[in-house]
Amino acid sequence: MRTVAKKLASVLFFVYNWRRICYNKRMRQKNQGMNKIKNRTPLLGEHTRAKGAGLSFSLSTVLATMLLFVIILVLSIFGVAKEGFEKTEWYLYLCYVLPPIASVVIVGYYLRYVNKPVSTAIKEQKCHYKYFLLAIALQIGLLSLSELNGLFVGFLQRFGYQPDEIVLPSMDGFGFVGVFFVVAIIAPIAEELLFRGVVLDGLKSGFSTLVAAVLCGALFSLYHQNPVQTAYQFCCGFAYALLAVRAKSVLPTVLAHFLNNAYILILYKCGVTAYSTPAYITIMVVSGLCLIATLAYLLFLDKKDEDADIETEKKTEKKRFFALASVGIAVCVITWITNLFM
């Protein structure tokens, strides 16, 4: 009798609470479904620094071109971009402004992809003032490689290459201020955030410091797709990457990059194309000593412990980086070869 009473009570309890019980059951099923969605593997797999950096490089090679194409298309529809617009001031400025804008957008994408704050793209820790002094010395040292481009172009000319002159917007009057702002300030900040803040960050997760710096220099040179600047930009990219790793910040490399671009623009503005022999020899000797001393310090005396965790997932990270960077590398190589022979 007691058992029958218990069964009857349980049936009455269910009849009285069936809505709540069914609701709770449905909610549990819904929550389980939501958990499955949250735990579902992303489209590109696990989000890692190497994959984010590789994808960022690929995007950086096409985004600026796509933006320029869309803008020109819209302007053509409204009759603004007429025949010969390639030589106008607004078009030249557009060509120099869009790549930094694209770089900043890509840096923002990368930080969202790896779920990091903006500050990590700039610096990992407080940067010691000595690295800013090293940045200045390093840039002075890179002047000793100024003839490297000439030698490389001479080598390419054996195969029929004819270099094109780099075209800048007008630097007459206040035009110099506009060009200086775009080329010497905006471009270095954007490119350093992209290459020494994002690409190098991904490379470090798969390679040792030295190899990551070499690859970062190669990608930096390839990104510009200009045969004339290939050799010198590789050296700059490598040196900047090594400095960024040691400083754990892109701020010193922004300074070095700024000095490089500013120096070139000032020489261009002043019409200086060559130095007297004594001045040239002095500059080469001083800058050569600065380069040797700076690189020796960064390579051998200022070693950090960033290579301590190289073993386990390095091979996987290498594959992840190049799997997503391969599109950008292919685009850059094709464009570089096209610029070489056309």
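**Reading salt bridges and helix packing**

Modeller: R320 and E317 both lie in helix α12, three residues apart, about one turn of the helix; a helix is a DSSP run of H or I with at least four residues, numbered from the N terminus. This is a predicted model, in which local features need pLDDT of at least 70 and side-chain atom pairs count only at pLDDT 80 or more, while totals for chains, interfaces and linings use all residues. Residues are numbered from 1 along each chain as its sequence is written, and side-chain values use heavy atoms, with hydrogens and water left out.

Colleague: What does R320 form with E317?

Modeller: Side chains of opposite charge can pair when their charged atoms come close. R320 forms a salt bridge with E317, with 2.5 Å between the closest N and O atoms; the rule asks for a side-chain nitrogen of Lys or Arg within 4 Å of a carboxyl oxygen of Asp or Glu.

Colleague: Is E317 buried or exposed?

Modeller: E317 is buried, at 6% relative accessible area, whereas R320, at 21%, is partly exposed. Buried means under 20%, exposed over 50% and partly exposed in between, using a 1.4 Å probe and protein chains only.

Colleague: Which parts of the chain does the pair of R49 and D201 link?

Modeller: This salt bridge, at 2.9 Å from N to O, links distant parts: R49 is in helix α2 and D201 in helix α7, 152 residues apart. D201 is buried, at 8%, and R49 is partly exposed, at 31%.

Colleague: Which residues in α8 meet α12?

Modeller: L215, L219, L222 and Y223 in α8 meet F321, F322, I329, C332 and V333 in α12, where contact means heavy atoms within 4.5 Å.

Definitions and conventions: Helices (H or I, at least four residues) and strands (E, at least two) are DSSP runs, numbered from the N terminus.
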